[in-house]
Amino acid sequence: MINFRFHIISIVAIFLALGIGIIMGSTVIDRAIVDGLRTRIDIAESNSINRKEQNDQLQDDIKKINEQDTILAAHSVREYLNNQSVYVIVVGDVSDSDTTEVVELSALAGAQVSSVIKFSDDFILADKKKLLESYITSSSNPAQKPTVDDSQKVMLSYFENALNVLRDKNTDESNNEIDYDSYLSFLVNKSAYSENNVFQNPMANQNVSFMVLVDQQKLSDTKYANFVTDLQNNFPLTIGIVGSENLKLKPTRVDAAKKLISSLSDINLVDTADSPSGRISLIIAHKDNIAGKKGLYGVTSVVNERAPAL
């Protein structure tokens, strides 16, 4: 007859064996898992380092290519804008570097770059009818009755005419629709715009034209798109979109271009003014615009051509 102690010993032995098996098995398996994970992490870190080095090299290559394009650009557009007083208008958050590149390239093309004008967001979004009525009320000349119909276009037209007329201090202003000096003073008092980097005083014997650099992201607001297109008045005006290829940002470059085109069919537009080749296109397109030819240029699906002909 088997003693009860043997039953107890058997049961203890069974559970002890199970415990030892579990501990040994889990230790071996855990070690294998950990070793596998460590190997994968090492591979991932190595790939990440290699990819970063490759990206850094590509970024450096792109920078050098852009610098090369910028240098060559000056030769490709030399004398394209002779006898032109050019104002560069900035709408939205366009970087100083993009603005400076356009200014310098315009000067190398022979233009007399008068200044960079940046309109404030508050003015762009403001009720222009109220502003124009406010100007009429404050005017010292009771005979001045500018129309308030299509107020924004009227105000921007007066602004451009003021820059054109006041470039020559000897101009007879008696036939002007309004007193341009007081109008510009009114706009300054309303913080409508700031005029930075006055490079040269426009000369009386030069034609005035405008290049507009607009922040792609601001065009998500229709008010900005309408403001930009309402800048098109009596003077040659070429629009350049400055933005990003990031498709997660809204609007995309193509949507921004579409928005401008839908607001103004007769438009001279370059959708890549933030690249060296795009800035060359901007200068050439502006020259063509002065000669009466307009077009849509760039990389989006809405353009007519990639670039204007040299």
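This is a predicted model: local features need pLDDT of at least 70, side-chain atom pairs count only at pLDDT 80 or more; totals for chains, interfaces and linings use all residues.
The protein has nine helices and seven strands. It is built from 310 residues, of which 41% count as buried. A look at who touches whom shows how much the chain folds back on itself: among contacts with a separation of 6 or more, 79% are between residues 24 or more positions apart.

Strand β1 covers residues 84-91, and Val86 is part of it. Is Val86 buried or exposed? With a relative accessibility of 0%, Val86 falls under the 20% cut-off and so counts as buried. Setting aside residues up to four places away in sequence, Val86 touches a run of partners from Ala111 and Gln112 through Val113, Ser114 and Ser115, and also Ser209, Met211 and His286. Take Gln112 as an example: 26 residues separate Val86 from Gln112 in sequence, yet their C-alpha atoms are 6.1 Å apart in space.

Gln84 sits in strand β1 too. Its relative accessibility is 5%, so Gln84 counts as buried. Leaving out neighbours within four places in sequence, Gln84 is in contact with Ala111 and Gln112, with Gln206, Asn207, Val208 and Ser209, and with Ile290. Ala111, Gln112 and Ser209 therefore turn up in the contacts of Val86 and in those of Gln84 as well.

Next come the helix pairs. Two packed helices are described by the angle between their axes and by the distance between those axes. For helix α5 (residues 151-166) and helix α6 (residues 180-189), the angle is about 125° and the axes are 9 Å apart. On the α5 side, the contact is made by Met155, Tyr158, Phe159, Asn161, Ala162, Val165 and Leu166, while α6 brings Tyr180, Asp181, Tyr183, Leu184 and Leu187. Sorted by class, the residues of this contact between α5 and α6 come out as 10 nonpolar, one polar and one charged.

The second pair is helix α2 (residues 96-108) with α9, packed at an angle of about 45° with their axes 10 Å apart. That angle makes α2 oblique to α9. Their crossing is right-handed. Here Asp98, Glu101, Val102, Leu105 and Ser106 of α2 meet Arg279, Ile280, Leu282 and Ile283 of α9. By class, the contact of α2 with α9 holds five nonpolar, one polar and three charged residues.

Helix α9 spans residues 276-290 and also contains Asn289. Asn289 has 6% relative accessibility, so it counts as buried. What does the side chain of Asn289 reach? It gets to the backbone oxygen of Leu237, at 2.9 Å. Leu237 is also among the residues that Asn289 touches, together with Pro236, Thr238, Asn268 and Lys294, again not counting residues up to four places away in sequence.

Helix α7 (residues 222-230) has its own set of buried residues: Tyr224, Ala225, Phe227, Val228, Thr229 and Asp230. At the start of α7, a side-chain oxygen of Asp221 comes to within 2.9 Å of the backbone nitrogen of Lys223.

Ser134 is found in helix α4 (residues 128-138), and a relative accessibility of 26% is why it counts as partly exposed. Apart from neighbours within four places in sequence, Ser134 is in contact with Phe186 and Lys190. Ser134 and Phe186 are 52 residues apart along the chain, with 9.4 Å between their C-alpha atoms. Gly243, in turn, lies in the loop between β5 (237-242) and α8 (253-263), and at 32% relative accessibility it counts as partly exposed. Gly243 touches Gln216, Arg253 and Asp274, not counting residues up to four places away in sequence. From Gly243 to Ser275 there are 32 residues in sequence and 9.7 Å in space, C-alpha to C-alpha.

How values were computed: Residues are numbered from 1 along each chain as its sequence is written. Side-chain values use heavy atoms; hydrogens and water are left out. Helices (H or I, at least four residues) and strands (E, at least two) are DSSP runs, numbered from the N terminus. Buried means under 20% relative accessible area, exposed over 50%, partly exposed in between (1.4 Å probe, protein chains only). Contact means heavy atoms within 4.5 Å. A polar contact is a pair of N or O atoms within 3.5 Å; within protein, one must be able to donate a hydrogen and the other to accept it, and residues adjacent in sequence count only if both atoms are side-chain atoms. Axes are lines fitted to C-alpha atoms, for helices over the stretch in contact, and angles run from 0 to 180 degrees between N-to-C directions. Ala, Val, Leu, Ile, Met, Phe, Trp, Tyr, Cys and Pro count as nonpolar, Asp, Glu, Lys and Arg as charged, and the others, Gly among them, as polar. Angles under 35 degrees count as roughly parallel, over 145 as roughly antiparallel, 65 to 115 as roughly perpendicular and the rest as oblique. A crossing is left-handed if the near helix is turned anticlockwise from the far one by less than a right angle, and right-handed if clockwise.
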